[in-house]
Amino acid sequence: MITTEPEKVIIVEGLTDKRQIAKIINDNVTIICTNGTLGVEKFDELLETYELDEKDVFILVDEDKSGMKLRKQLARELPHAEHIYVSSEYREVAATPEKILASALLSKHFSVHPIFLF
């Protein structure tokens with residue numbers, strides 16, 4: 001059996017965000033936690049380790065001050081990345097209802113477990 005590296009990468013802030021997305025998604029995707037802002041060295045390490053310049057990268061961070069700062073930094077470093085937004089009503093990825101997250105992921109052509117769409 002040949003396993004291939006996922007071509008899609010989702011960048012999130014924290015472990016709770018990663019768990020929430022992993023539960024909903026039904027796709028071969030790598031989910032990277034930044035644990036907040038990224039220094040140059042840490043970013044370069046992620047860039048190389050996950051080959052971010054060669055993959056479809058999606059940014060899904062909280063709609064708060066630190067999330068917006070991280071989104072801005074990632075957008076600058078990864079101009080080819082697509083953005084997935086959560087409503088400012090929920091502010092955090094982990095606090096966003098699963099149905100809303102599933103719809104947002106589906107809109108970016110991710111396969112999601114159908115149970116999260118109802």
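Predicted model: local features only at pLDDT ≥ 70, side-chain atom pairs only at ≥ 80, totals over all residues.
Spanning residues 65-77, H3 has 13 residues and reaches 19 Å from its first C-alpha to its last, close to the 18 Å expected at 1.5 Å a residue. Gly-67, Leu-70, Arg-71, Gln-73 and Leu-74 are its buried residues. Viewed down the helix axis, these buried residues fall within an arc of 165°, so they line one face of H3. An α-helix has 3.6 residues a turn, so residues three or four places apart point the same way. The face turned away from the buried side carries Lys-65, Lys-69, Lys-72 and Arg-76, which are exposed. The cover over the buried residues of H3 includes strand E1 (8-12), helix H2 (40-49), strand E3 (56-59) and strand E4 (82-83).

The loop between E3 and H3 holds Val-61, a residue that counts as buried at 0% relative accessibility. Beyond its neighbours within four places in sequence, Val-61 is in contact with Ile-11, Glu-13, Gly-67, Leu-70, Arg-71, Ile-84, Val-86 and Val-93. Of these contacts, Gly-67, Leu-70 and Arg-71 are among the buried residues of H3. Glu-13 lies 48 residues from Val-61 along the chain, yet their C-alpha atoms are separated by 5.8 Å.

Turning to the aromatic side chains, the count comes to one pair. The ring centres of Phe-58 and Phe-110 are 4.7 Å apart and the ring planes stand at 70°, so the arrangement is edge-to-face. This pair links distant parts of the chain, with Phe-58 in strand E3 and Phe-110 in the segment after helix H4 (98-107), 52 residues apart. Both partners are enclosed: Phe-58 is buried with a relative accessible area of 4%, and Phe-110 counts as buried at 1% relative accessibility. Phe-110 also has a charged neighbour, as the charged end of Lys-8 sits over its ring, 4.6 Å from the ring centre.

Terms used
Residues numbered from 1 in each chain as written. Heavy atoms only, no water. Helix = DSSP H or I, 4+ residues; strand = E, 2+ residues; numbered from the N terminus. Expected span 1.5 Å × (residues − 1). Buried < 20%, exposed > 50% of the residue type's maximum accessible area, 1.4 Å probe, protein only. Arc of directions from axis to C-beta. Contact = heavy atoms within 4.5 Å. Phe/Tyr/Trp six-rings, centres within 6.5 Å; stacked < 30°, edge-to-face > 60°. Lys NZ or Arg CZ within 6 Å of the ring centre and 35° of its normal.
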